[in-house]
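Hello,

Here is the structure we talked about handing over. Please open it first, then read my notes below.

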Amino acid sequence: MERVYYVTTPIYYISGNPHIGHAYTTVVADVLARTARTSGESYFLTGVDEHGQKVANAAAAAGTSPQEWCDRLVPRWKSLFEAYNVRYDDFIRTTEPRHERVVQAVFERLRANGDIYMGTYEGWYCVNDETFWLESRLVEGRCPTCGREVQWLSEDAWFFRLSAYRDRLLEHFRAHPDWVRPRSVYNEMMAILEGGLEDLSISRQNFSWGIQIPGGGSVVYVWFDALLNYISAIGWTGNADSAADERFHRFWPARTQLVGKEIARFHTIIWPAVLWAIGERAPELVYAHGWITVDGQKIGKSLGNAVDAFALAERFGADAVRYFLLREAPFGSDFSYSEEKIAQRYNAELGNDLGNLVRRTLAMLAKYYGGAVPKPQDARVSEFGARFAALPARVRAHLLQLDFREALTATWELVTALNRRIDDEKPWALAKSENERDAAALRALMYDLCEGLRWLAMLLHPIMPERTAEIWRQLGLSTPVDGDWEQALQWGRFESGTVTKPGDAVFPRIEIPAPA
Ligand code: MSP
């Protein structure tokens with residue numbers, strides 16, 4: 001049974017409009033899914049978290065019912081992802097029956113197994129983060145994560161025996177030191193585990209916008225509900241003998257679960273414990289990435305700094321923003337965003353290095369060979385090509401390791417080498433020469449330039465799916481740009497005689513805004 005590369009994003013609270021931070025995680029998942037697809041099967045799940053007090057409050061403030069509110073907002077989230085050239089395989093909403101069924105079945109299973117019990121919760125609650133907090137964890141009486149006011153709760157509740165899983169969690173963390181990345185987050189989670197775990201309240205009373213607890217009385221705590229989306233979407237049944245279970249285990253355990261660092265605890269401590277309680281395995285990797293900030297503040301923290309992600313994609317093109325998000329900082333770290341920074345990278349790296357390479361190559365090809373790819377002596381023995389034979393494997397390894405910046409730096413070695421060859425070999429001079437050696441050198445050079453661009457389009461496709469498809473089109477290619485790398489990326493595969501179709505600049509220059 002062939003395993004599928006299963007990648008997930010958090011499901012986003014649908015309490016307001018999506019912003020660039022939400023696009024960020026989703027784009028990263030898209031890059032991984034597209035990369036995995038160059039050598040196998042992948043499955044990419046995203047979606048929205050519709051229950052809970054935060055969403056209910058937002059709906060009430062807008063004077064609508066929570067369900068109507070969610071129905072109205074879902075298209076906005078989907079259109080944001082579309083605007084960023086994201087191609088997910090499934091988009092889950094937690095109000096869907098397929099999800100509610102699984103949450104109730106898991107609840108029943110845990111109750112039957114003695115993993116949950118009835119008690120009383122007394123403590124604080126942060127509505128923004130939908131998180132229970134012990135008094136001792138508050139910072140100046142406020143939520144330690146988002147800094148907002150917390151409310152006092154005192155209610156009967158169902159508790160999940162999280163504390164019973166502490167030893168197994170510690171063992172798991174020690175045996176798999178790379179299962180939580182980056183290392184800083186791993187260490188933080190280890191410190192929490194070493195400090196001890198409390199049982200977790202997993203129900204809410206006096207509050208109705210959630211999944212009913214079988215038997216009635218209260219609703220499931222929104223985080224308990226939300227985490228289960230990762231398995232409800234791929235059809236968890238818990239019945240080991242069923243065909244559905246076999247399908248489920250082609251996907252589960254997930255290969256990569258992407259989250260922002262503020263929700264690492266839910267995904268690396270609570271989530272594996274819940275999975276073990278129902279007899280499933282922990283995900284292979286939880287990667288908790290950093291925040292996009294403006295003036296040192298996480299975007300989205302206050303409404304004021306939420307960047308309009310639609311306008312951004314409009315201004316620079318979605319692919320250029322995708323490139324920026326992955327190129328700007330090592331994945332995992334926080335980084336600050338400004339339009340000026342995007343514009344600078346855009347003009348220098350995409351416009352000059354890559355865009356001009358396409359434009360110059362195709363213009364010279366038109367001039368020297370009427371636009372058709374020339375026939376070199378023997379393309380397969382190109383020394384230049386041989387230098388890059390290991391590049392695709394390197395790029396893929398970096399991408400699948402989530403070292404996006406390294407993947408781009410490695411790819412740029414080819415961009416730089418191609419540009420350097422134009423400067424060094426001066427095709428315009430070769431073209432003027434009457435001698436056959438120069439003519440052969442020109443053919444070899446122009447062939448390598450075309451072949452190099454073909455490689456670049458494929459290698460950059462996971463990161464810039466739309467612009468690379470345009471480069472592909474201009475190169476006159478009709479095979480798929482997202483094909484299998486092993487097969488397609490062998491130097492010399494570009495068929496001589498292919499007629500190129502130069503078009504508009506792939507990354508037209510943009511004006512850099514004056515710093516504010
Ligand atoms: N609904 C929960 C997640 C449940 S998953 C079972 C939630 N939703 S959220 O709407 O607040 O989205 C959080 C996620 O959005 C973060 O984990 C992160 O992936 C992304 N980001 C939100 N703001 C961000 C930044 N400023 N920077 C980077 N990513 C950001 O938490």
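**Salt bridges**

At 33% relative accessibility, Glu284 counts as partly exposed. Buried here means under 20% relative accessible area, exposed means over 50%, and partly exposed lies in between (1.4 Å probe, protein chains only). Before going on, note that this is a predicted model: local features need pLDDT of at least 70, side-chain atom pairs count only at pLDDT 80 or more, and totals for chains, interfaces and linings use all residues. Residues are numbered from 1 along each chain as its sequence is written, and side-chain values use heavy atoms, with hydrogens and water left out.

Glu284 has a partner. Arg3 forms a salt bridge with Glu284, and their closest N and O atoms are 3.2 Å apart. Arg3 sits in the segment before strand S1 (5–8), and Glu284 sits in the loop between helix H10 (264–277) and strand S13 (286–289), so the pair ties together parts that are 281 residues apart in sequence. Arg3 counts as partly exposed, at 35% relative accessibility. A salt bridge is a side-chain nitrogen of Lys or Arg within 4 Å of a carboxyl oxygen of Asp or Glu. Helices (H or I, at least four residues) and strands (E, at least two) are DSSP runs, numbered from the N terminus.

How many salt bridges does a search of the whole structure find? The count is 29.

Another one joins the side chains of Arg204 and Glu155, at 3.0 Å from N to O. Arg204 belongs to strand S10 (residues 203–204) and Glu155 to strand S7 (residues 151–160), so this pair ties together parts that are 49 residues apart in sequence. Arg204 is buried, at 5% relative accessibility. Glu155 is buried too, with a relative accessible area of 6%.

Then there is Glu436 with Arg443. Their closest N and O atoms are 3.0 Å apart in a salt bridge. Glu436 counts as exposed, at 52% relative accessibility. Arg443 is partly exposed, with a relative accessible area of 23%. Elsewhere, salt bridges that share partners join Glu328, Lys341, Arg345 and Glu349 into one network.

**The ligand**

Which residues come nearest to the ligand? Of the 25 residues around the ligand, they are Ile11, Thr25, Asp49, Gly260 and Ile292. A residue is near a molecule or strand if one of its heavy atoms lies within 4 Å of it.

The polar contacts are worth a look. A polar contact is a pair of N or O atoms within 3.5 Å; within protein, one must be able to donate a hydrogen and the other to accept it, and residues adjacent in sequence count only if both atoms are side-chain atoms.

- Thr25 places a polar side-chain atom 2.6 Å from an oxygen atom of the ligand.
- Ile292 has a backbone N or O atom 2.9 Å from a nitrogen atom of the ligand.
- Ile299 has a polar backbone atom 3.0 Å from a nitrogen atom of the ligand.

Taken alone, the ligand exposes 670 Å², and the protein buries 95% of that. Accessible areas come from the Shrake-Rupley method with a 1.4 Å probe; for residues, only the protein chains shown count as cover.

Strand S2 (12–13), helix H1 (20–37), helix H7 (222–227) and helix H8 (229–232) each supply at least two residues of the shell around the ligand. H1 gives the largest share of that shell, four residues.

**Strands**

Is strand S3 (residues 42–49) mostly covered or mostly open, and how many of its residues are buried? S3 is mostly covered, with eight of its eight residues buried. Two strands pair if DSSP finds at least two bridges between them.

S3 has several partners. S1 and S3 pair in the parallel sense over four bridges. Tyr6 has Tyr43 as its bridge partner in S3. S2 runs parallel to S3, with two bridges between them. There, Tyr13 stands opposite Asp49. S3 also runs parallel to strand S4 (residues 90–93), joined by four bridges. Leu45 has Asp90 as its bridge partner in S4.

A separate heading goes to the open sheet of three strands, ordered S15-S14-S16, with mixed pairing. Its edge strands are strand S15 (297–298) and strand S16 (335–336), and each pairs on one side only. Strand S14 (residues 292–294) and S15 pair in the antiparallel sense over two bridges. Val294 has Gln297 as its bridge partner in S15.

Best wishes
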